[in-house]
Amino acid sequence: MNSIDVNPLGSRFPKTMAAELVEVGRGFYARGWVLGTSGNFSGVVSREPLTLAITSSGVDKGALSTDDILLIDGEAKVLEGKGRPSAETLLHLAVVKLRGAGAVLHTHSVWSNILSDASFGEGGVKIEGHEMLKGLNGVETHEHSEWLPIIENSQDMAALAATAARTLERNPASHGFLLRRHGLYTWGRDLAEAKRHIEIIEFLLEVLGRTSFTQKR
Ligand SMILES: [Zn+2]
């Protein structure tokens, strides 16, 4: 469609990155992972100086267009595009800076909401013994044990980003983290890897959730 054939954001903004974020967002919406304007997505455009393409705040992810993607700097200041960046921009920046990620994706799925609450007392969700774990970067065997730390939710984004940064430092092997009754964050070296990580982790959370309910009966 036309909106992804043109580059409304000027020469510093690669149109492929904006178009790819739009495609990811629409796909996640169709899966029910980012309903009601929830969720946000970003991709690194340059490292020096740090610039990110990120979804604008409050937009319907099922009807995303490249006009909804902004270019920001490493301090969350808008460089190009209309609107405000996602309220959770500081979390994206924390992940990019601490993990060297090329893309960060965040969903508000049903299963991440359920499991982040049910396992909050344990501090995280452990996933092991599943073939699908091999979709995570660096994982070679189903015997891998993945730990997804859970962070208490907050509307204070600066505080939440600081907690996320400490959590990332304490859990260097984790491929993602959960915000309690809120959603999942994961990332990748590039957007394709981050998208794969969302698909893998969402799949595994659903398997874990459905299994635990089956066993309780
Ligand atoms: Zn969120």
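Modeller: Let's settle one term to begin with: buried means under 20% relative accessible area, exposed means over 50%, and partly exposed is in between, using a 1.4 Å probe and protein chains only. This is a predicted model, so to speak: local features need pLDDT of at least 70, side-chain atom pairs count only at pLDDT 80 or more, and totals for chains, interfaces and linings use all residues. Residues are numbered from 1 along each chain as its sequence is written, and side-chain values use heavy atoms, with hydrogens and water left out.

I'd pick strand β2 (51–55). Helices (H or I, at least four residues) and strands (E, at least two) are DSSP runs, numbered from the N terminus. Five of the five residues of β2 are buried, so this strand is largely enclosed by the rest of the structure. In a regular strand, side chains alternate between the two faces of the sheet. Here T51, A53 and T55 point one way, while L52 and I54 point the other.

Now the partners. Two strands pair if DSSP finds at least two bridges between them. β2 meets β1 in the antiparallel sense over four bridges, with G43 opposite A53. β1 and β2 make a hairpin with four residues between them. P49 sits in that loop, and the peptide bond joining E48 to P49 is cis, with omega about -5°. On the β3 side, five bridges hold β2 in an antiparallel arrangement, and I54 stands opposite L70.

Zooming out, β2 belongs to an open sheet of nine strands with mixed pairing, in the order β4-β3-β2-β1-β5-β9-β8-β7-β6. β4 and β6 are the edge strands, each pairing on one side only. Neighbouring strands are turned by 25° against each other on average, direction ignored; axes are lines fitted to C-alpha atoms, for helices over the stretch in contact, and angles run from 0 to 180 degrees between N-to-C directions.

Helix α2 lies across β1, β2, β3 and β5, and runs at about 160° to β1. Contact means heavy atoms within 4.5 Å. In the loop between α2 and β1 you'll find T37, a non-glycine residue with a positive phi of about 70°. At 36% relative accessibility, T37 counts as partly exposed.

A nonpolar core is a set of buried Ala, Val, Leu, Ile, Met, Phe, Trp, Tyr and Cys residues joined through side-chain atoms within 4.5 Å. The largest one has 33 residues, and F28, L105, V125 and L205 touch the most other members. Among the elements supplying at least two residues each are α2, β5 and α6, with α6 giving the most, at seven. Apart from that core lies another, of 21 residues, and this is where L52 comes in, along with L91, I151 and L168 among others.

Leaving aside residues up to four places away in sequence, L105 has contacts including V24 and F28, F41, and L191, A194 and I198.
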